[in-house]
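Please look through the structure shown below before reading on, and keep it in view while you follow the report.

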Amino acid sequence: MTGFDVVPVRELPDSSRCKELINVFTNIYKNKPSFCVRVPGRVNLIGEHIDYCGYSVCPMALDQDILVAVSVQNDKKLQLHNTDPKFEDFECEIDNFEISLGEGAPQWYKYFLCGVKGILDTLPNEIETKGLKLVVSGNVPLRAGLSSSSALVSAAALATAHSHGSVNFCSDSITTFENTISTLTNKIKEIEKLTKENLNLRDEVKFLNSRVDTLEQQLRANDVEICGVPFKDNENVLKIVSEIGSAIDLPITE
């Protein structure tokens, strides 16, 4: 069992923001939401902008959050509304949309679509895509390093996953991913061990080669190499060597 095996589903706090969100949803879509999602903003106490590189960080959740009211539909339409009037509404087919980026900052709903697509792309084939009606309310300060966009993407992913009954699937996927990471980690440790042994063997071979060179040089310490003597047919090599020895006052006998 891991911490991801059970995804808790709790009631949202009885706050004025939650009530207002549900009222806005009811006024727009003429029915109450099926459920709501809450994702807090966060601040990195240590390690800003290094978490996505795989390094350790020390984050802390904030009271400010993203709230999403959700209703599951059978028409396969994704209808998105933001309680902040400066953010435009958006609607598309939930199983047929593209996320294109133009110049400048992306529209707010494209962050939401990233979360939706992330879940839809990993759903098992037997799960049928469903339409969603959503209302988003957020009070995480924008462009303040408090992960407002990450909270929006995460809220979209949770809303889509829960709407398609795939929270358990996501948990199983995370568990499988953890097991795969554990296996890869063990293999990496084995490779590191073999690499260290290989380096030790390489150093040992290098030392032995050096030792062989030294021994060969010692064996040839008293050798004399004669160069520059022209070759002749039927010559007596021993006689030539003996004469050279006599010339340098070094008697050489057979």
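## Terms and basis

Two strands are said to pair if DSSP finds at least two bridges between them.

The model is predicted, so local features need pLDDT of at least 70 and side-chain atom pairs count only at pLDDT 80 or more, while totals for chains, interfaces and linings use all residues. Residues are numbered from 1 along each chain as its sequence is written, and side-chain values use heavy atoms, with hydrogens and water left out.

Five strands form an open sheet with mixed pairing, in the order 1-2-5-3-4. Because strand 1 (35–46) and strand 4 (90–93) each have a single partner strand, they stand at the edges, and one side of each is left without a neighbour in the sheet.

Strand 2 (residues 58–73) and strand 5 (residues 131–138) run antiparallel and are joined by eight bridges; Ile66, for instance, has Gly138 in strand 5 as its bridge partner.

## Helices across the sheet

Helix 1 (residues 16–29) lies across strand 1, strand 2, strand 3 (77–82) and strand 5, and it runs at about 140° to strand 5. Angles of this kind run from 0 to 180 degrees between N-to-C directions, the axes being lines fitted to C-alpha atoms, for helices over the stretch in contact (heavy atoms within 4.5 Å).

Helix 3 (residues 148–163) lies across strand 1, strand 2 and strand 5, running at about 145° to strand 1.

Conventions
Helices (H or I, at least four residues) and strands (E, at least two) are DSSP runs, numbered from the N terminus.
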